[in-house]
Amino acid sequence: MSVLMSFRMAIQSILSSKIRSLLTMLGIIIGVAAVIVLVNLVTAAQLQMRTQLESMGTNLISVSIRRGGWGSTRSVSVSEVQEIADSNPDLIEYITPTVSSTVTVKYGANNLTTSLLGVNEHYETINNHAAGSGRFLTATDVENRSSVVVIGEYIKQELFGGQDPLGQEIKLNNEVFTVIGVLEKKSTNVTSGSDDDKLIIPYSRATRLIRNANITSFSVQAVSADVMEDATEAIENFLYKKFKSDNFYSVFNQAEMISSIDEALGVMTLLMAGIAGISLVVGGIGIMNIMLVTVTERTREIGIRKAIGAKTGAILIQFLIESAVISCIGGLIGIVVGVGGSAVICVAMEMSPVPFANQSTVIIGSFAFSALIGIFFGLYPARKAAKLNPIEALRFE
């Protein structure tokens, strides 16, 4: 008997008992769908985090100085950091000190607590966050310690509602600042704590506002992605010479951050796929049980076929194909459920659905594994059917 004939018989057997066949496939459907959904959710989170990191700026290097113990004044001056840039013009394009704090901002009767960043005029280029309306800080603002502020979209909505904030005066920790610009919206969902919930003022003014002259972090833009490693090394060498130890600072470039995230989420993806894969094995056990029942029910049919000349190999292949077809159909249904389900969940969690091209590996892998599960767990029932004694099979009632 040809493989095509065995395939047709397998389809007929499945259609002759639709409910039982569907229940047999259920474990495979759930298993494949679970693998795709879990892997896609991790992938969606990974893509979102990569997008957020990349939106922070191109070729970004972050430098953080650890203050040390109580009373320590360990820091790097702005002139020292600028010296790094001036000494490596072929590696470093721009640099900005970063002063971070939390402040209370007031406008009329409205007030809220938000994040404050003190930076220089290069921040918008380094972090790819320019003013959508009005203007950003200038070198003059930094040099003169001007009381000017650029606000995020969330601040604009919460404090000013539908009004134009440009030129308006607000109070930061009870000190008056003039709004000169509104940052471009970064987040798809403008909420408290998002990248749109912040204020930007000159770092020279920020140190006075928060009563702390020590600057312990800097953002650096490398000339290009090709020199990121060299730029990072140049900064580390400078800091090592200053502090005589690498325990007092940390330097991270964007590529390292993305690589770390990819590595961590890669491990999580494998873990999730492994957990979901257990349900595929359970589905395979279900297929084996049903196939054993099928062999028992069709014992007399097997005896007749053997009596008229069917070989052991033909019987074996027939039942293996039937098991594989059940598993593959279940796998296809599971793929549809998994892809559709993951898209719905991503939208519900306010994440962008994973592009279909990014799902090809997990889809092909899940389908192939489901087919192997069908063959592996169908092998024992198929061998049992193939080894039946034709005389005993014909006598079976």
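With a relative accessible area of 12%, F243 counts as buried, where buried means under 20% relative accessible area, exposed means over 50%, and partly exposed lies in between, as found with a 1.4 Å probe and protein chains only. The structure is a predicted model, in which local features need pLDDT of at least 70 and side-chain atom pairs count only at pLDDT 80 or more, whereas totals for chains, interfaces and linings use all residues. Residues are numbered from 1 along each chain as its sequence is written, and side-chain values use heavy atoms, with hydrogens and water left out.

F248, at a relative accessible area of 25%, is partly exposed, and F243, F248 and Y249 together form one aromatic cluster.

The secondary structure of the chain comprises 13 helices and eleven strands, the helices being DSSP runs of H or I with at least four residues and the strands runs of E with at least two, numbered from the N terminus. The chain has a radius of gyration of 33 Å, whereas a compact globule of 397 residues would have one near 21 Å; the radius is taken over C-alpha atoms, and the globule rule is 2.2 Å times the number of residues to the power 0.38. Along the principal axes, the C-alpha atoms fill a box of roughly 105 × 50 × 40 Å. Of the 397 residues, 45% count as buried.

Contacts, defined by heavy atoms within 4.5 Å, were considered between residues at least 6 apart in sequence, and 78% of these join residues at least 24 apart. In helix 6 (residues 153-160), the buried residues are E153, Y154, I155, L159 and F160. These buried residues pack against several strands, among them strand 3 (99-107), strand 4 (110-119) and strand 8 (175-183). Just after helix 6, G161 takes a positive phi of about 60 degrees.

Most residues other than glycine have a negative phi. N174 lies in the loop between strand 7 and strand 8 and counts as exposed, at 58% relative accessibility. K244, again a residue other than glycine, has a positive phi near 60 degrees. The place of K244 is in the loop between helix 8 (228-243) and strand 11 (249-253), and with a relative accessibility of 64% this residue counts as exposed.

A131 is located in strand 5 (residues 131-134). When neighbours within four places in sequence are left aside, A131 is in contact with E124, F136, V182, L183 and E184. By contrast, the C-alpha atoms of A131 and S21, which are 110 residues apart along the chain, are separated by 61 Å.

Conventions
Rings of Phe, Tyr and Trp (its six-membered ring) pair if their centres lie within 6.5 Å; planes under 30 degrees apart count as stacked, over 60 as edge-to-face and the rest as tilted.
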